[in-house]
Amino acid sequence: MPSKNEEITNDAKTLKKQRKARTAFTDYQLKTLEKTFENQKYLSVQDRIELAAKLNLTDTQVKTWYQNRRYD
């Protein structure tokens, strides 16, 4: 019978395997994100939702891209 620590480790490995693959942004998506970022470093929730819809991305993908871009 596995110990509690082994069970937690196995659960963590399972969660890592379920992680979504990285988004491969298209040139259009990247150009649009960069242009929008030049004009506005922070997006409101509504702006983010609209941009995500325009680019056929999720709200979370846009949010993450912006967060990563700000720390470049």
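A: Let's begin with a term: a residue is buried when its relative accessible area is under 20%, exposed when over 50%, and partly exposed in between, using a 1.4 Å probe and protein chains only. This is a predicted model, where local features need pLDDT of at least 70, side-chain atom pairs count only at pLDDT 80 or more, and totals for chains, interfaces and linings use all residues. Residues are numbered from 1 along each chain as its sequence is written, and side-chain values use heavy atoms, leaving out hydrogens and water.

Our part is helix α4 (residues 59-70); helices are DSSP runs (H or I, at least four residues), numbered from the N terminus. In α4, the buried residues are Gln61, Val62, Trp65 and Tyr66. They sit on the same side of α4, because their arc around the axis is only 130° (taken from the directions from the helix axis to the C-beta atoms). These buried residues of α4 pack against α2 and α3 (45-55), where contact means heavy atoms within 4.5 Å.

Over in helix α2 (residues 27-39) lies Gln29. Gln29 counts as buried because its relative accessibility is 8%. Beyond its neighbours within four places in sequence, Gln29 is in contact with Ala24, Leu55, Asn56 and Leu57.

Notes: Helices (H or I, at least four residues) and strands (E, at least two) are DSSP runs, numbered from the N terminus. The expected span of a helix is 1.5 Å times one less than its number of residues.
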